[in-house]
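Thank you all for making the time this morning. I would like to walk through one model with you, region by region, so please have a look at it before I go on.

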Amino acid sequence: MEDLSCCPVLCRLTPLLLLIQLLTGGSLEEFSVLGPSDPIVAVLGGDAVLSCRVFPAMNAEDMELRWFRSKFSEAVFIYQNRQEQKEEQLAGYAGRASLVRDFLSQGEAAVRIGQVQVSDNGLYTCFFRKGVFYEEASLELKVAGVGSAPEVRITGPEEDGIRVLCTASGWFPKPQVQWRDGSGEKFLAFSEAHTQDAEGLFSVEAALVVRDRSVGNVTCSVLNPVLGQEKAMAIFIPEPFFPQASPWKVAFLVSLTVLMLLVLGAGCYIRREHSIKLREMEEKRHLWQAKEEARQTKEKALQDRAELQAQLNWRKDVYLAGWKKAQLYADWRTEKFQPPHDNAVLIPLSKSRD
């Protein structure tokens, strides 16, 4: 809602500002600001020139020019009303930053920073304004410094070889260390540690263990990756400095190797036998399970058969009992209602007299 309410105000102010610019003799000519396409490299303690120009070329003497770091208010240098403005300038650039006016009338302006420090390393923005129109461009300053030459020394025997240490300090940015033998071949296996002091400068310590008795010279080189400059130092390692290999130690190493092979072979054999036993136990378990399932199935079938036979016997007994009852009843009825024989004499029963 606030943006919508401010829009009419801005729309009315813009023509007013343009009218004021025309009345004061200003120009509405637009331009773009171009900076260097590649980073600017400056050496520690030297000067750095941050140059920008307007396109198309025009007089920039009456423009407002500003170089700043990450924030607009963090000004490295401000040029306005044809003179330097120091109110918003960072304290670290006071007395070190100045305007190069040589080509200002042709639209090119630059700020020279003296006594370049590590803290000057990084991104910058140059800002050009003429009236109400302004443009800006970004540029990068790479600070680089070559420190002390490396110091190489032998620190003593280590791991069947000789330990060599290389140290250097005062480098920026973080330097790269390389070890080489007498024929120029690189050593790939070495330790490396970097530290940074209060001024931001790097120190490096690299340690190498040399095991080849015939290597002779060993060279440590320290390279600045920005400048491509390096410093190197070589040291000669005499063969007597290397630890002597005694016969018992060689025999011990051979015996240890044979013992390790035997242990590995025994381990493989035991593992294979264990796998076979596990497989046999698994097969026996499956066979036992199959037999147990067959036994349970047989017992269940016998039990079902016994139950069925018992039910059949019960039904048979019930049937026979019923049949016997029916037979007895039939016999009884036959005897009760059987007619007398033909030769039977009927003797009437005489009543007794009182």
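S203 sits in strand β16, residues 202–210, and strands here are DSSP runs of E with at least two residues, while helices are runs of H or I with at least four, numbered from the N terminus. Setting aside residues up to four places away in sequence, S203 touches A168, S169, G170, A193, H194 and T195, a contact being heavy atoms within 4.5 Å. Of these, G170 is 33 residues away along the chain, and its C-alpha atom is separated from that of S203 by 6.1 Å.

Before going further, a word on the source. This is a predicted model, in which local features need pLDDT of at least 70 and side-chain atom pairs count only at pLDDT 80 or more, whereas totals for chains, interfaces and linings use all residues. Residues are numbered from 1 along each chain as its sequence is written, and side-chain values use heavy atoms, with hydrogens and water left out.

Now the chain as a whole. The protein chain has 2 helices and 18 strands, and of its 354 residues 25% count as buried. Among contacts between residues at least 6 apart in sequence, 59% join residues at least 24 apart. The accessible surface comes to about 25,000 Å², of which 57% belongs to carbon and sulfur atoms; areas of this kind come from the Shrake-Rupley method with a 1.4 Å probe.

Which residues touch the most other members of the largest nonpolar core? They are W67 and F128, in a core of 35 residues, where a nonpolar core is a set of buried Ala, Val, Leu, Ile, Met, Phe, Trp, Tyr and Cys residues joined through side-chain atoms within 4.5 Å. Several strands each supply at least two residues of this core, including β3 (48–55), β4 (64–68), β9 (122–130) and β10 (133–144). A second, separate core has 19 residues, among them V164, V204, V215 and V218.

Strand β10 also holds K142, which is partly exposed, with a relative accessible area of 32%. Not counting residues up to four places away in sequence, K142 touches P39, I40, V41, A42, N121 and V226. K142 and A42 are 100 residues apart in sequence, yet 6.2 Å apart in space, C-alpha to C-alpha.

Q115, in the loop between β8 and β9, has a phi near 50°, a positive value in a residue other than glycine, and at 53% relative accessibility Q115 counts as exposed. G45 is found in the loop between β2 and β3 and is partly exposed at 40%. Leaving aside neighbours within four places in sequence, G45 is in contact with Q115 and V116, and the C-alpha atoms of G45 and Q115 are 4.4 Å apart although 70 residues separate the two in sequence. R96, in the loop between β6 (83–84) and β7, is buried, with a relative accessible area of 13%.

A cis peptide bond joins F55 and P56, with omega about 0°, and P56 lies in the loop between β3 and β4. The peptide bond from F172 to P173 is cis, with omega near -5°, and P173 is found in the loop between β12 (161–171) and β13 (176–181). R82, in the loop between β5 and β6, has a positive phi near 65° and counts as partly exposed at 46% relative accessibility.

That is the tour; I am happy to take questions.

Methods: Buried means under 20% relative accessible area, exposed over 50%, partly exposed in between (1.4 Å probe, protein chains only).
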